[in-house]
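User: Could you walk me through a few spots in this structure?

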Amino acid sequence: MSKLTIATDGETHVLITRRFAAPPEEVFRAHTDPEWMQQWLLGPDGWTMPVCISEPWAGGRIRFEWCDGKGGGFYLTGEYVELDPPHRIVHVERMHLPDPTPDNHVETLLEADGDGTMLRMRMTLPDAETRTAMLATGMEHGMEASYARLESTFTGQLK
Amino acid sequence: MMDLDAAFTALGDPTRRAILARLAQGEATVTELAKPFSISQPAISRHLRMLEQAGLIARRVEGAKRPCRLTPGAFEEMDGWLAMMRRAMETNYARLDQLLAARNDAGKGTEV
């Protein structure tokens with residue numbers, strides 16, 4: 001059973017939850033310290049993140065570059081907006097494929113949950129179309145979309 | 001082989017989604033597809049070209065007509081890709097679990 005949940009909320013939000021067996025301080029560091037991020041924020045097996053810039057303070061830069069080891073890759077840039085260690089991270093990000101995708105505003109909340117941490121991530125996209133495209137193409141964050149969801153979109157259009 | 005980028009871009013537009021919804025009911029000509037929309041036939045044709053280039057629909061020649069239909073298996077292929085990306089995210093978090101567990105063990109080690 002997957003511990004990851006991904007759901008849409010309203011027209012422009014995506015909500016992600018995941019529990020970790022470590023305190024918020026550790027999970028916060030894993031999400032902001034480049035040395036940590038380069039060890040896990042990699043996507044499919046075989047991918048690496050040779051460049052990881054993370055300046056975890058308001059206005060600090062974010063830049064991740066991923067490689068598939070076969071000459072392929074893409075990168076993401078962003079900025080931190082607000083940090084409240086170890087419970088809250090607000091940042092903006094965009095992927096470059098190579099054209100930049102519209103800004104994705106991400107609020108990450110880390111709450112103590114027993115001896116672990118519950119992560120709740122809320123993404124806000126500029127509009128419904130962008131969210132659809134992100135759910136469909138999000139390389140880094142994955143997505144909830146499924147065949148059933150596509151079908152319900154189609155059914156909705158027919159009415 | 002379908003172009004997944006083009007396929008998802010094609011799905012980002014409500015008119016094209018409506019066209020696909022109509023084609024899910026069966027084959028249709030440009031005239032039939034244009035009927036429910038308040039846009040011109042050339043505009044519909046442009047949408048159809050995008051859908052065709054994305055590999056989501058196929059067109060055949062029947063006299064002067066070029067009826068469209070959904071490409072069999074197109075959505076299964078997209079679904080497979082989506083599932084792969086979801087797995088990528090789960091892979092990330094599984095990796096983070098291991099990293100956190102390793103740190104936890106190391107921490108206990110130093111305390112002892």
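This is a predicted model: local features need pLDDT of at least 70, side-chain atom pairs count only at pLDDT 80 or more; totals for chains, interfaces and linings use all residues.

User: Which residues of helix 4 of chain B are buried?

Analyst: The buried residues of helix 4 of chain B are B:Ala43, B:Ile44, B:His47, B:Leu48 and B:Leu51. They cover an arc of only 145° around the axis, so they sit on the same side of the helix.

User: Why would residues three or four places apart point the same way?

Analyst: An α-helix has 3.6 residues a turn, so residues with that spacing point the same way.

User: And which exposed residues are on the face turned away from the buried side of helix 4 of chain B?

Analyst: That face carries the exposed residues B:Arg46 and B:Gln53.

User: What comes after helix 4 of chain B?

Analyst: The helix is followed by B:Gly55, and the phi of B:Gly55 is positive, near 85°.

User: Switching to B:Thr15, is it buried or exposed?

Analyst: B:Thr15, which is found in helix 2 (residues 14–23) of chain B, counts as buried because its relative accessibility is 18%, and the cut-off for buried is under 20%. Leaving aside neighbours within four places in sequence, B:Thr15 is in contact with B:Phe37, B:Ile39 and B:His47, and B:His47 is also one of the buried residues of helix 4 of chain B.

User: Now chain A: where does A:Pro100 lie?

Analyst: A:Pro100 lies in the loop between strand 6 (88–96) and strand 7 (104–113) of chain A, and it is exposed, with a relative accessible area of 52%. Leaving aside neighbours within four places in sequence, A:Pro100 is in contact with A:Arg94 and A:Met95.

Conventions. Residues are numbered from 1 along each chain as its sequence is written. Chains are lettered from A and ligands numbered from 1 in the order in which they are written. Side-chain values use heavy atoms; hydrogens and water are left out. Helices (H or I, at least four residues) and strands (E, at least two) are DSSP runs, numbered from the N terminus. Buried means under 20% relative accessible area, exposed over 50%, partly exposed in between (1.4 Å probe, protein chains only). Contact means heavy atoms within 4.5 Å. The arc is that of the directions from the helix axis to the C-beta atoms.
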